[in-house]
Amino acid sequence: MDCLFCAIVRGEIPSNKIYEDDVCYAFLDINPQAPVHALVVPKEHIPSANEVQEAQAATVAHIFTVLPTIARTLGLTNGYRIVSNVGEDGCQSVKHLHFHILGGKKLSEQMS
Ligand code: 5GP
Ligand code: ZN
């Protein structure tokens, strides 16, 4: 399977790692849309938030338990935004579930 984020998780494509454990991998976005912009991905390939199976629920829950650690590592002491784009209308460009972590400034109140 030809998946960019699977290749990043395997280390075949270099990335700026923020955090890693058995379940997930976090790294800086190559094209930051905020002063701080990182991505958290499950190591397991899940196409999007629209395809999470019951057996993967613990994986997704785990990501949310480590998000505070990742945010702290990024210096996001005053809040941040978590975004997961889904499909065509959601402008998802990489078909491997990922959570954007955006912050480092007061973000726009507009979300679309
Ligand atoms: P999406 O548009 O699917 O929600 O988000 C994909 C994100 O992956 C984009 O913000 C894009 O900048 C980022 N991205 C795409 N290719 C690479 C890459 O090779 N390395 C890193 N670090 N980020 C990437
Ligand atoms: Zn993948």
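A backbone N or O atom of Cys-91 lies 3.2 Å from an oxygen atom of ligand 1, a polar contact in the sense of a pair of N or O atoms within 3.5 Å. In the side chain of His-98, an N or O atom is 2.9 Å from an oxygen atom of ligand 1. For His-100, the distance from a polar side-chain atom to an oxygen atom of ligand 1 is 2.8 Å. Taken alone, ligand 1 exposes 530 Å², and the protein buries 84% of that; these accessible areas come from the Shrake-Rupley method with a 1.4 Å probe.

The structure is a predicted model, in which local features need pLDDT of at least 70 and side-chain atom pairs count only at pLDDT 80 or more, while totals for chains, interfaces and linings use all residues. Residues are numbered from 1 along each chain as its sequence is written, chains are lettered from A and ligands numbered from 1 in the order in which they are written, and side-chain values use heavy atoms, with hydrogens and water left out.

Which residues come nearest to ligand 1? Of the 16 around it, they are Leu-28, Asp-29, Asn-85, Ser-93 and His-100, where being near takes a heavy atom within 4 Å. Helix α1 (4–9) and strand β2 (24–28) each supply at least two residues of this shell, with α1 giving the most, three residues. Helices are DSSP runs (H or I) of at least four residues and strands runs (E) of at least two, numbered from the N terminus.

Ligand 1 takes up the space of the largest pocket, since more than half of its atoms must lie within 2 Å of the pocket's grid points to count. A pocket is an open set of points on a 1 Å grid over the protein atoms alone, where a 1.4 Å probe fits, with protein on both sides within 12 Å along at least five of seven lines; lining residues have an atom within 4 Å of a point. The largest pocket has a volume of about 810 Å³, the space filled by probe spheres set on the points. Among its 34 lining residues, Asp-29, Gln-33, His-37, Asn-85 and His-100 lie nearest its centre.

Conventions. Polar contact = N/O pair within 3.5 Å; in protein donor to acceptor, adjacent residues only side chain to side chain.
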